[in-house]
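Please keep the sequence and the structure in view while reading.

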Amino acid sequence: MLRSKIGGLGFYVPEKVVTNHDLTRVMDTSDEWIQERTGIVERRYAKKHEESTSTMGAKAAAIAIERAGITPQDVDFIIFATLSPDYYFPGSGVLMQRIMGLNGIGALDIRNQCSGFVYGLSIADQFVKTGMYKNVLLVGSEFHSAGLDFSTRGRNVTVIFGDGAGAVVVQPTEEDGKGILSTHLHADGEYAEKLAYINPGCHGGAHLDAEKYGYPDQEFGGAFLTKKMWEDEDYYPNMEGQAVFKMAVQKFPEVIMEALTANNLSPSDIDLLVPHQANLRISQFVQKRMGLSDDQVWNNIQKYGNTTAASVPIALCEAWEAGKVNSGDLVCLAAFGSGFTWGSALIRW
Ligand code: COA
């Protein structure tokens, strides 16, 4: 049976390192608080006006393409996952396509936040195993630092997130038993506002709290960003941290077990679990719940923070570069995030 595999992978993180101590200069927080609650020590921030979500994506993509043993012209479809796009529209996929000179092929942007890469991998898998495409370029990239609230008001969100990009090329394989074994995707919109970036948007937040957000002040237009939102600086992401934590530690093990059960496997068969780097405490909880050893789980949030759609491909690529992903290994990718959305992918490397 034709399956798809990850044929090449790459990542890019900006040069600028921002430590927890650096953040204490602009908001009321501490290295101790951040490390204790999230495990994060430092993160990277992209260079404003020089870098963007699409330029970082292009850098990661170039490495993945080379390692896949193909040229950029061999890529026949692009999937781009981000929640921090260069423009509101068009998507960052076409902007990266232009940078890379891949004009003409299809480019699809997906908005599934922290699960974006796993969702994208599932889409790429369907295209490749049905024979429609041979080389699908899948990129996750985020420029969070451009849209965070650096005042004390935003500290619960801002300290968690970092910038970066990861990319893979998904290709067909006929090697017996190898490749992407399955993907499982889930969502529950009931929790949409628990971790959300609501304004600017066409709802103008009015359906949630008209008093707070104000209605559009003109008969036509004006709903994306009302005067009141602007005055209140109400254009930042917000998160109910404990609700996210509670659901994440439930859904991660569930969706990993779903993948294992579908393939008649058990946690002890996993050679490497690469969880979305939401929070080190969440990963540790999942590891313990599933009875996995330190050697079976890859974490790098300490260095990069939570890079949302980029976190799984960055972590996977780093693990691969460190020699932790070898031919025949059972690799499990799992993600949970805003939406809420969550998913897993099981790969025999
Ligand atoms: N520095 C210092 N203090 C902070 C802070 C920061 N960066 N952020 C919040 N606080 C304060 C709060 O204001 C609050 O103060 P108060 O008690 O005086 O009101 C106190 O710390 C506790 O806040 P709370 O939100 O209850 O903390 P918590 O123990 O739930 O930890 C998170 C907050 C965000 C670390 C935690 O909820 C979490 O990890 N959630 C999951 C987040 C996540 O993974 N998101 C990504 C999903 S993809």
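In this predicted model, helix α3 meets helix α4 through Thr-53, Ser-54, Thr-55, Gly-57, Ala-58, Ala-61, Ala-62 and Ile-65 of α3 and through Ser-92, Leu-95, Met-96, Ile-99 and Met-100 of α4. Sorted by class, the residues of this contact comprise eight nonpolar, five polar and no charged ones. Helix α3 covers residues 53–67 and helix α4 covers residues 92–100; they pack at an angle of about 60°, and their axes lie 9 Å apart. Because of this angle, α3 is oblique to α4. The crossing of α3 past α4 is right-handed.

A second pair of helices is formed by α9 (residues 241–262) and α10 (residues 280–290), whose axes are 10 Å apart and which pack at an angle of about 45°. The angle therefore makes α9 oblique to α10. Here, the crossing of α9 and α10 is right-handed. From α9, the contact uses Phe-245, Ala-248, Val-249, Phe-252, Pro-253, Ile-256, Met-257 and Leu-260, while α10 supplies Arg-281, Ile-282, Phe-285, Val-286, Arg-289 and Met-290. The residues of the contact of α9 with α10 fall into twelve nonpolar, no polar and two charged.

The next topic is the ligand. Which residues come nearest to the ligand? Of the 23 residues around the ligand, the nearest are Thr-29, Arg-155, Gly-241, Gln-242 and Asn-279.

| Residue | Atom of the residue | Atom of the ligand | Distance |
|---|---|---|---|
| Trp-33 | N or O atom in the side chain | oxygen | 3.4 Å |
| Arg-155 | polar side-chain atom | oxygen | 2.9 Å |
| Gly-241 | polar backbone atom | nitrogen | 2.9 Å |

Most peptide bonds are trans, and most residues other than glycine have a negative phi. Where does the model depart from this pattern? The peptide bond that joins Phe-89 and Pro-90 is cis, with omega at about 0°. Pro-90 belongs to the loop between β4 (77–81) and α4. Another cis peptide bond runs from Asn-199 to Pro-200, and its omega is near 5°. Pro-200 sits in the loop between β9 (195–196) and α7 (210–213). As for phi, Gln-113 is not a glycine, yet its phi is positive, at about 50°. Gln-113 lies in the loop between β5 (106–110) and α5 (116–129).

Terms used
Residues are numbered from 1 along each chain as its sequence is written. This is a predicted model: local features need pLDDT of at least 70, side-chain atom pairs count only at pLDDT 80 or more; totals for chains, interfaces and linings use all residues. Side-chain values use heavy atoms; hydrogens and water are left out. Axes are lines fitted to C-alpha atoms, for helices over the stretch in contact, and angles run from 0 to 180 degrees between N-to-C directions. Helices (H or I, at least four residues) and strands (E, at least two) are DSSP runs, numbered from the N terminus. Angles under 35 degrees count as roughly parallel, over 145 as roughly antiparallel, 65 to 115 as roughly perpendicular and the rest as oblique. A crossing is left-handed if the near helix is turned anticlockwise from the far one by less than a right angle, and right-handed if clockwise. Contact means heavy atoms within 4.5 Å. Ala, Val, Leu, Ile, Met, Phe, Trp, Tyr, Cys and Pro count as nonpolar, Asp, Glu, Lys and Arg as charged, and the others, Gly among them, as polar. A residue is near a molecule or strand if one of its heavy atoms lies within 4 Å of it. A polar contact is a pair of N or O atoms within 3.5 Å; within protein, one must be able to donate a hydrogen and the other to accept it, and residues adjacent in sequence count only if both atoms are side-chain atoms.
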